[in-house]
Every structure is written in structure tokens, then in C-alpha cells.
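Dear colleague,

Please find the structure below, with the sequence shown alongside. My notes on backbone features and charged pairs follow.

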Amino acid sequence: MDSDVLDWSELPLEPLLCVFKYLLPKDLVSVSKVNNHWHSAADRDELWRPLCAKDWVLDSKRDGKNFKQTYGLMHVEFAKYRPCYVRVRRAWNTIEAFLAERAPRLLACLAPGATEEDISLCEKLCRATFDLETRLSYRIHNGQAEPGADFVEFCGVFGGYKFYDQHVNVQLCSLTEMVEFYEYYKARPAPAWMRFSAIVAKSPSSRKRWFVVLQNRGGGYDAGRIVEPSEDYQRTFPVASSFGALLEEYAAELTSGNFIVTPKRGEINRFPRKRNVSRATTRGVTVECMPLFVAESSMVRPPTYFFAYRIRMTMPQSASAADWCKLQRRHWYIDRGDMVEEVEGEGVIGKFPEMFPGAEFEYASCCPLPGPTGSMRGTFQMVTRNGETFDLEVPLFRFVALAPVAEPPALM
């Protein structure tokens, strides 16, 4: 009878591995202590590699270690971040992969991660306590280095936009910049919300700033939320519910093609390319309208909501040379909520673009409104080679501002 009893300690390797693959890491460590046979089986890479991928988003070993040792090193270094590690690391991986392919110079600007000691010192100097997602993001990338002088427009790792003299580049702040910003403002009058927030992104060439909320203060101010101030800094607008959400949403915008990437320069333009874009085609010329809410130029009281828009005109390469035409005049209908304003004039931003097979023309402009919503539509008067004129439709595009975060409660 004894010969028929299954001795688990001597189970052959293949069925043993089939059982072990269902165990959690701590249980694998426990069974490895049963005997030498189980220890050898529980150390195998085919068991620990999937666990490294699942828990630490890793598909390669660290520092010449096997996958079990790699898992252990990651656990020692990042165990406190387990609730958010996969979310934040996967988002950064997506952003890094995109930048490597489409914008390698921006990827090169990203700084290595900070140490736990660096972050703790920053918290002490800023009298702050970071949420796990913000803290982990700084473990991965501690801001970005200043880009080279050959960057023409958008050198921020989070992209930018430009219209008239407004030039925005959203750069990831370092911990040092965070401390410098805190030191600058701590002795100056500041709105209540800034006393429990820390800067995480900035545009050196404009007033655009992103802040992470450090404390639950009620209203819309939840710890970890990312907000950006209005022009007068008295109110804020939401950017993302957390740092992890910020990274996930940005990664999705990049991979979906919603943000334009300059092919040669590898710079990211935050004017949307797919979401909320209106299109119309007249006599072979397509007009695309891309609206954008500009929080840093908006105010809640008195209400001034600022919007930018980008217009793109194209004629396909397959068009005939006889389809050539040139823009002469613009005619806009601007719905400001309480009234519709008509605006007419010659050209667009002082230019008179020509459309021909393969032609592309883009420009950006802006429109302040008294309320959080509005729209624009209109026509461009075009003239052909034989002097004929026709109206090129500019389709209706809508302006919708983000709702401001609720007034912060008075500080006690």
C-alpha cells in the first residue's frame, strides 16, 4: 500500500512546475524550503519571469541576476509602490517607447529617477507629503534636462502649442525646481490652494503650470489630483485625477495620434488631431479645425475663457493642377453665448495661402469668450486661376472649457 502513496516531495519536475505556476511569490519562496528538489524547481525562470512581468512590468533580468533574484530586488526597492506600480510604470513605458520612435531627442531629455532619499529631502524642504503615484513617477524620472538649442518649438516632454506670441512648452519639473518654486512663493502672498500643492510641470516661456494637490482639503482638492491655475492664479482647472492618470491619458493621446508630432524635429503639438476636430471639403480643399482650451489665459471672475484653434487646409496630391486656388478673405461667425459676432477681413494671420495638388497650410489663432462655451464657423473666399471666386466652408467647431475646481475651503 505504501508504494501507492503519492510522495509530493519527489514529484517529477514537469508536474511540479504545473502546480507551482499557480502560487504567489511568497508561497513560491515557502515551498522552495521543503527540500532541494523543490528549491531547484521554485527558482526556475519560467516561474519568476511571468511574475516579474505581472508585478513589475519587467521582461528582462536585472544586473545579471536570475528572474527570482530580479523579483526580489524590485520588491526590496519598490514594495511600497505595489498599489500603483504597474499603472505608473506601464504608462511611462508607453510614453518612452513612443518617444524613442517618434521623438528621440525628447526621450533623451528625460532625467534618471530620484532616490528615496532625494524625494524625502524634497518633502521635508517643501513641507509636503507626496502621494504614491507622484512619488513613484519621480523614482522613474526626476524631471527633464534643458533641451538643446536646435529645438524649434515644443521642447517639453508633454508637448506644447503656439499661437501669436503665446508659446507653451510643458516640461516635467525636477525635485530641485519644485523646491525652488516653493522657496520663491512661501514668503509671498499666494492663493489658498497653492499652500497645499507642489509644482510638477511648467512652461518656461508662458504662465502654464501643473500642480499636484498634497492634501485632501475638500471640494475638488483631493490628494494626488493634478490641477493648473487660471491666469490670475485664483482658481484652478483639472488636468488629471492623479499622476498615474495624467501619464495614462497622455500615453493614450500619443499612441492614438491625437497629438501631432513634427516628423523631422520630433516635437509634440498638443493641438488635437482627432478628438473634437471638425472637417469639411469644398471643391477638393479640406479644412480641419482643432480647438483647444487655454487655462493659463482664462479667468473665472471676471469670466474670460480663452481658446486657441488651429486650422489646417489641404489639397490631395491626386487633384488636378487646374484646381489651384488662393485664399483672399475670411468670414467668421463667432457664437459667444449671448450674441453671434461676424468678423471679416483679408487673408488669415496676414497670409494668403495657395492650394494646389499636395499643398498643406496650417495656422493658429485664438478667441476669448465671456463664458465657458461657444463656437465658430465661417468661410474662406478663394479665387481660381480664371478669376472665379467661391466660398470654402470652414465647419463649425465648438469651444468647451474645463469646469474650474471648486473653491478651496478656508485654511484653518
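In these notes, a residue is called buried under 20% relative accessible area, exposed over 50%, and partly exposed in between (1.4 Å probe, protein chains only). The model is predicted, so local features need pLDDT of at least 70 and side-chain atom pairs count only at pLDDT 80 or more, while totals for chains, interfaces and linings use all residues. Residues are numbered from 1 along each chain as its sequence is written, and side-chain values use heavy atoms, with hydrogens and water left out.

The structure holds 27 salt bridges, each being a side-chain nitrogen of Lys or Arg within 4 Å of a carboxyl oxygen of Asp or Glu. Glu133 and Arg87 form one of them, at 3.1 Å from N to O. Because Glu133 lies in helix 9 and Arg87 in helix 6 (residues 85-102), this pair ties together parts 46 residues apart in sequence. Helices here are DSSP runs (H or I, at least four residues), as are strands (E, at least two), numbered from the N terminus. Glu133 is buried, at 13% relative accessible area, whereas Arg87 is partly exposed, at 31%. Arg87 also meets Glu248 in a salt bridge of 2.9 Å, N to O; Glu248 belongs to helix 11 (residues 243-255), 161 residues apart from Arg87.

Turning to the backbone, a cis peptide bond with omega of about -10° joins Arg301 and Pro302. Pro302 sits in the loop between strand 11 (285-293) and strand 12 (305-314). Arg127, although not a glycine, has a positive phi of about 50°, and is exposed at 72% relative accessibility.

Yours sincerely
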